[in-house]
Amino acid sequence: MNSIIKLFGIQYPIIQGGMIWNSGYKLASAVSNAGGLGIIGAGSMYPEVLREHIQKCKKATNQPFGVNVPMLYPNVEEIMNIIVEEGVKIVFTSAGNPKTWTAFLKEKEITVVHVVSSSIFALKAQEAGVHAVVAEGFEAGGHNGREETTTLTLIPMVKQKINIPLIAAGGIATGRGMLAAMALGADGVQVGSRFAASVESSAHDKFKEVIVNVKEGDTQLTLKELAPVRLVKNKFYNDVQELYAKCATKEELVALLGRARAKRGMFEGDLVEGELEIGQIAGLITEIQPVKEIIDTMIAEFQQAQIEMGQFQF
């Protein structure tokens, strides 16, 4: 049996990314009900809001689901305690040292997965005792690596170093992409951008429309001095670039970013001044679909690609 399917008790080795402002209980439960692993994104939630989403998710699905916790956010201790109190069995940690919380979560019999952007950090996560890692390539939206290592090269490099299950992320939105990642050594895939543009995503409809209209080259990785994010090129992005042209300090970048810029863009639909995070693969996303349709299509494409590759001979 596939190690990711076995680890999480799911039907397909498809994990939904725990994206801020996109990954509420409606998206997480829909992915879990469709055979993948839904993830609630705690990064954009106050602790009590997270509790509410966990409780609603438990009512909306009887399948496994998890919570993603970016450890650079405040209130992490309170968030972890809520996760334990609410009986969540799967936690994805990111943006921090996996040693900080892995032992605590494992003591509570919680499956722990850590998100990394390099083989060095994958090894550290394995040494910290996590059950699996997500290796996220440069193509991804949201917070990713400063090294700009692409998924195509990152997955085999990480595979060489670790002996725990490996989930590929970054630039995967189709069944063919899923097969390619698994051919490179991944045991499963994490999908973000494709689910951001789903009916059940908690993102603003205006942001979903932006995603389906993004073309090749319309996004750029930036703000490495703070936390690297891939942004759609809008006015806010242009303001960032103008500041860079003036040799901006880190403090000046922080001042421009301000507070709640991502919420303003992705959740409230301000397409001018908001921060619009999305992966390069958005160039392949052309419609807003229900989650079940997305997953069914991915699996059908995956199986068709398997057949085609099986017939391919030199």
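## Secondary structure

Helices, of at least four residues, and strands, of at least two, are DSSP runs numbered from the N terminus. In this predicted model, the chain contains 14 helices and 11 strands.

## Overall form

The chain has 314 residues, for which a compact globule would have a radius of gyration near 20 Å; the value found for the chain, 18 Å, agrees with this. Along the principal axes, the C-alpha atoms occupy a box of roughly 55 × 55 × 35 Å.

Of the 314 residues, 55% are buried. Where contacts join residues at least 6 apart in sequence, 62% of them link residues at least 24 apart.

## Surface and charge

The accessible surface of the chain is about 14200 Å², and carbon and sulfur atoms account for 52% of this area. The side chains include 30 positive and 34 negative ones, and the centres of these two sets are 3 Å apart.

## Aromatic pairs

The model holds 4 aromatic pairs. One of them joins W21 and F267, with 5.1 Å from centre to centre and 40° between the planes, a tilted arrangement. W21 belongs to the loop between β1 (14-16) and α2 (25-33), whereas F267 belongs to helix α13 (residues 261-267), so the pair ties together parts 246 residues apart in sequence. W21 counts as buried because its relative accessibility is 18%, under the 20% limit. F267, at 36%, counts as partly exposed.

W101 and F104 form a pair whose ring centres lie 5.2 Å apart; the planes meet at 80°, so the pair is edge-to-face. W101 is buried, with a relative accessible area of 15%, while F104 is partly exposed at 22%.

Conventions. Residues are numbered from 1 along each chain as its sequence is written. This is a predicted model: local features need pLDDT of at least 70, side-chain atom pairs count only at pLDDT 80 or more; totals for chains, interfaces and linings use all residues. Side-chain values use heavy atoms; hydrogens and water are left out. The radius of gyration is taken over C-alpha atoms; the globule rule is 2.2 Å times the number of residues to the power 0.38. Buried means under 20% relative accessible area, exposed over 50%, partly exposed in between (1.4 Å probe, protein chains only). Contact means heavy atoms within 4.5 Å. Accessible areas come from the Shrake-Rupley method with a 1.4 Å probe; for residues, only the protein chains shown count as cover. Lys and Arg count as positive and Asp and Glu as negative; His and the chain ends are not counted. The place of a charge is taken as NZ of Lys, CZ of Arg, CG of Asp or CD of Glu. Rings of Phe, Tyr and Trp (its six-membered ring) pair if their centres lie within 6.5 Å; planes under 30 degrees apart count as stacked, over 60 as edge-to-face and the rest as tilted.
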